[in-house]
Amino acid sequence: MPIEQNRLQILTALARKVLWLSSWTIHNANHIRPNNDGLKVGGHQASSASLVTIMSALYFSVLKPEDRVAVKPHASPVFHAIQYLFGHQTREKLENFRGFKGAQSYPSRTKDIDDVDFSTGSVGLGVAQTLFASLVQDYVSAHGWMKDRPEGRMISLVGDAEMDEGNIFEALLEGWKHGLRNTWWIVDYNRQSLDAVVREGLWEKFESMFRNFGWDVVIVKYGRLMQAAFAEPGGAALKHWIDTCPNQMYAALCFQGGGAFRKRLNDEIGDQGAVSRLIDARGDDELLALMSNLGGHDMASMIEAFESIDHDRPVCFIAYTIKGVGLPFQGHKDNHAGLMTPTQMETWRARQNIRPGYEWDKYEGLTQDPASLDAFLKQVPFVQQGTRRLSADVIEVPAHLSFKPAPSMSTQQGFGLVLNELARGDSELASRIVTASPDVTVSTNLGAWVNRRGLFARAEKADLFRSEKIPSTFNWDFSPKGQHIELGIAESNLFILMSALGLSSSINGVRLLPIATLYDPFISRALDQLNYACYQDARFMVAATPSGITLAPEGGAHQSIATPLIGIAQDGLASFEPAFVDELAVIMGWGFAHMQRESREQGDEASGMRSGGSVYLRLSTRTIEQPARMMTPELQLGITDGAYWLRRPGPNCSIVIAYTGAVAPEAIEATGLLGDSVRDIGLLAITSADRLHAGWTAARKIRRDRRNPQHLSHIEKLLKPLPRDCGIVTVIDGHPATLGWIGSVCGHRMEALGVEHFGQTGTIQDLYRHHGIDANGIIDAAESLSLGAPVLHRKMAV
Ligand SMILES: Cc1ncc(C[n+]2csc(CCOP(=O)(O)OP(=O)(O)O)c2C)c(N)n1
Ligand SMILES: [Mg+2]
């Protein structure tokens, strides 16, 4: 249905305002209140401009409160300007764009105040996030948790060069497998990237690819002015010229202006009567307005395209645009970092009728009366429900998660046992767990859980092997009530799905407790996705297994060294590497609570550490003897704070062995052998280098800030009683730097053992010996630290 004239005029006026405000925000940050150490705000002005009409059409007319949008990173000023007009963003933050606590240069869920749905910045990730957010909405809906809430559309504003990111293609395939719905991707087809002009005919590739995956494709190429001109005599020739003009040339002409267009048109079309009259009838400005009236800059065309969608299939809109449209550097291939000079800004300001000193006034320069604009903005569908962030109740976590004990087990096996126990019960906690794995469900021990809880799909699909009564250990039934999402082998998708599942309380008002399993080395493959999931404050648990060189017989290529350091360094992720299954059960229980805790700027009250977040469990396939012990509250606390004494040191302790994870048997054995030479020896079980380190950093800050001069972190309390000349040997199947800082806590000499090179195959014993993390390696290190007298006993070679 054609858009009503009055509405069109208001929307066009608002879009003009958005272009002004976003450009002024950038100009202000560069020339008026520079707050960025001389660094110009690049990559925003031109990138933003190309989306002004499309975003104005969406936010001021098309979007409903339940829709969620991932905004192209560099369109952040446009997003902030729109929210400013709604009264959701402050002038102060815009004036402080990119400054400390000012509006962010890429929309941020956690740092911006104006109702950002998805944080973007790393191109490609926001796009795929909308696809997975839609699958999560389907999951919530299929489980009957949407109640009366309408389904939202998950919308992404995509740069055309952003489409180069491989994660988008990985997501597309997964979306197809899961019958994706309610997803719109709007490609800002400005045919420019950061460096250059994109290849010819890219749209055709996009079109066939999206159709191939079952998407509807809507191409919005010509605006109203163009369409009207095409209907004039000679219009067909003009259209043909536009359609065949190379991207570079079109961009260059847009930059050069109406005169250049006229010359080129005349040169190339020649004198053909009708079309020449069509061109001659327009002055240079008019001709430029016509030639830059591509679909993406035409409010009526965009609204019509959006409103024409009457189905829930995914849609890709390819909207033709000009990068930097309406600004002096429109179309120039170097315009990514283009900025208006103060003189250009003054000229443009005058053309916009903006008086000096009134730049931030909402309706300055518009001809419409402010009251009617106010009234219009108040009735916009998008803002009808105020803030769009939802919340969900905390799901209770039992005091103890149980598992069926065995004398010897691996932590990976234990992980499967804890989940199996949860799957057998009928707790609310179990009903909110949703697992996902990139084709390693079985090999990461999720099989028992999946057998009981089933796989998720919107339509039932029975396991044929089961219906045919062919014996199989695993039951692969799909149903809308299933609780496992099986992904193809793409770790990128896994973490973006975690990000979407982990935001469900805020987006769907329904709390989910997502758990991902993958092989530990492949965390690196999707590190940016993991980082962004954490940055958005999505909450999930990652079980990464097998890990380290301990997976020895599996082969050198799968060994992970750096992941414990990632675990320490990744913001928003509490990392653990338990050695024993009883520790793991405690950590998982703590983890489910941690995943639901509110984040607070100032951190946790008592420890100063980050409150709430996601959880990373680095697990192992090594079967080791399990301790038979009572889980006391003190032990429980030690495990979740990061360490406890497995053998408490006495007052004359000269050596402490501190170990993490699967090397526990070597540490225990070395302690035993050393015991013959050294009487007073401590054995410290470290379950989380990350929590220990974070607690230590936070404690120093608490003391420095004089909030509590007596406050000690957990590791300080553990190490303070040790004599000053006590040596510490740390050992981990991972990079030695993971524990290498522990000597600094109270000034003890130390040796940090670990793995620095990977790839060698062999038995666990071969490899531990090779890397010096076997019992004798630990004893050698202890000897080098201690005490003069040589050690009496070592382990015999077998
Ligand atoms: C993962 C990642 N790599 C590189 C960048 C730097 N970068 C920002 S924008 C951009 C080009 C974007 O081009 P396009 O998507 O076409 O958007 P346009 O600027 O044309 O609107 C690049 C390379 C980034 N933000 N993220
Ligand atoms: Mg582009």
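How are the donor residues of the magnesium ion (ligand 2) spaced in sequence? They follow the pattern D-x29-N-x1-Q. The structure is a predicted model.

**Magnesium site**

- The magnesium ion (ligand 2) is coordinated by Asp160 through OD, by Asn190 through OD1 and by Gln192 through O, at 1.9 to 2.2 Å.
- Aspartate 160 and glutamine 192 link distant parts of the chain, being 32 residues apart.
- Aspartate 160 lies in the loop between strand S2 (154–159) and helix H7 (166–177).
- Glutamine 192 lies in the loop between strand S3 (183–189) and helix H8 (202–212).
- Aspartate 160 and glutamine 192 are both buried.

- Strand S19 (residues 727–732) runs parallel to S20, and 5 bridges join the two.
- Opposite valine 731 stands leucine 753 in S20.

**Packing of H1 and H15**

- Helix H1 (residues 5–32) packs against H15 at an angle of about 110°, and the axes are 10 Å apart.
- Angles of 65 to 115 degrees count as roughly perpendicular, so H1 and H15 are described as roughly perpendicular to each other.
- The crossing in which H1 passes H15 is right-handed.
- On the H1 side, the contact is made by Arg7, Leu8, Leu11, Thr12 and Ala15.
- On the H15 side, Met299, Ala300, Ile303 and Glu307 make the contact.

**Arginine 313**

- Arginine 313 sits in the loop between helix H15 (299–307) and strand S5 (315–320).
- With a relative accessible area of 39%, arginine 313 is partly exposed, because that class lies between the buried limit of 20% and the exposed limit of 50%.
- Not counting residues up to four places away in sequence, arginine 313 touches Thr183, Gly214, Trp215 and Asp216.
- Arginine 313 and leucine 180 are 133 residues apart in sequence, while their C-alpha atoms are 7.1 Å apart in space.

**Serine 122**

- The loop between helix H5 (91–95) and helix H6 (125–142) holds serine 122.
- Serine 122 has 19% relative accessibility and counts as buried, because buried means under 20%.
- Apart from neighbours within four places in sequence, serine 122 is in contact with Asp528 and Tyr532.

**Threonine 130**

- Threonine 130 is part of helix H6.
- Its relative accessible area is 0%, so threonine 130 is buried.
- Leaving aside neighbours within four places in sequence, the contacts of threonine 130 are Ala70, Phe118, Met154, Ile155, Ser156, Thr183 and Trp185.

Methods
Residues numbered from 1 in each chain as written. Chains lettered and ligands numbered in written order. Predicted model: local features only at pLDDT ≥ 70, side-chain atom pairs only at ≥ 80, totals over all residues. Heavy atoms only, no water. Pairing = 2+ DSSP bridges. Helix = DSSP H or I, 4+ residues; strand = E, 2+ residues; numbered from the N terminus. Donors = N, O, S within 2.8 Å, 3.2 Å for Na, K, Ca; no water. Buried < 20%, exposed > 50% of the residue type's maximum accessible area, 1.4 Å probe, protein only. Contact = heavy atoms within 4.5 Å. Axes fitted to C-alpha atoms, helices over the stretch in contact; angles between N-to-C directions. Parallel < 35°, antiparallel > 145°, perpendicular 65-115°, else oblique. Left-handed = near helix turned anticlockwise from the far one by under 90°.
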